[in-house]
Amino acid sequence: NATLYPPCNTLNIVTNNNIQICDSSYSIGNSTYISTGTYSDTLINYFGCDSIVNTNLTINNSTSNSTAVTQCDSYIWPLNGNIYNTSGIYTDVSVNAVGCNHTEILNLTITNSTSITSTVVACDSYLWMVDGNTYNTSGTYTDVSVNSSGCTHTEILNLTINTPSFNSTTLTHCSSYTWLIN
């Protein structure tokens with residue numbers, strides 16, 4: 001009981017494929033292709049006959065871009081709208097024009113603003129060495145400058161000015177007088 005197959009010249013099949021892939025190789029049969037091109041491979045079909053596969057192969061590449069940013073206190077990445085408060089390496093993956101991955105890399109350095117608050121009680125007036133001004137009234141005074149990281153440094157002075165009090169007493173006393181104050 002022999003199985004009869006039609007002759008191979010009637011079973012040869014030609015297949016044309018258009019293949020697009022990203023960043024890798026393409027294998028068909030015993031062949032592996034690593035670059036864009038047109039390839040023809042002969043495979044054996046179900047009936048034991050030649051099957052010809054023509055492949056128009058396009059290998060597209062993923063892309064990436066890296067950006068270094070130094071920012072005070074926090075940073076809003078325009079690419080994704082996220083707010084970052086700490087230094088680090090952040091990534092955002094999207095699809096490029098050829099349908100492969102595009103990776104944006106943000107190398108972020110966050111430096112911090114600083115502040116110092118001083119509380120001072122002085123008589124009559126106070127010379128604040130931070131800004132070189134002499135203050136005669138109580139209040140809160142602020143001086144803003146740039147710290148060593150290039151960020152804002154704020155000095156705050158909470159100042160209380162006390163004024164001396166005077167009391168004048170005129171006494172007439174015979175012989176001697178003991179002043180109780182001293």
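Start by selecting C123: at 57% relative accessibility it counts as exposed (exposed is over 50% relative accessible area, buried under 20%, partly exposed in between, with a 1.4 Å probe and protein chains only). Before you click on, note that this is a predicted model, where local features need pLDDT of at least 70, side-chain atom pairs count only at pLDDT 80 or more, and totals for chains, interfaces and linings use all residues. Residues are numbered from 1 along each chain as its sequence is written, and side-chain values use heavy atoms, with hydrogens and water left out.

**Stop one: C22 and C100**

Select C22 and C100 and show their side chains. A disulfide joins them, with 2.0 Å from S to S; the term covers a pair of cysteine sulfur atoms within 2.5 Å. The two cysteines sit 78 residues apart and tie together distant parts of the chain: C22 belongs to strand β1 (residues 13-22), while C100 is in the loop between β9 (88-95) and β10 (101-111). Strands here are DSSP runs of E, at least two residues long, and helices are runs of H or I, at least four, numbered from the N terminus. The torsion about the S-S bond of C22 and C100 is about -95°, so this disulfide is left-handed. Now colour by accessibility: C22 is partly exposed at 31%, whereas C100 is buried at 1%.

**Stop two: C72 and C151**

Next, pick C72 and C151. Another disulfide is here, with an S to S distance of 2.1 Å. Distant parts of the chain are linked by this pair: C72 lies in strand β6 (residues 63-72) and C151 in the loop between β14 (139-146) and β15 (152-162), 79 residues apart. The link of C72 and C151 is left-handed, with -100° about the S-S bond. How accessible is C72? Its relative accessible area is 27%, so it counts as partly exposed. C151, at 1%, is buried. That's the disulfide tour done: the structure holds 2 of them.

**Stop three: the whole chain**

Zoom out and switch to cartoon. You'll see 0 helices and 15 strands. Along its principal axes, the C-alpha atoms fill a box of roughly 155 × 35 × 20 Å. The chain has a radius of gyration of 43 Å, whereas a compact globule of 182 residues would be near 16 Å (taken over C-alpha atoms; the globule rule is 2.2 Å times the number of residues to the power 0.38).
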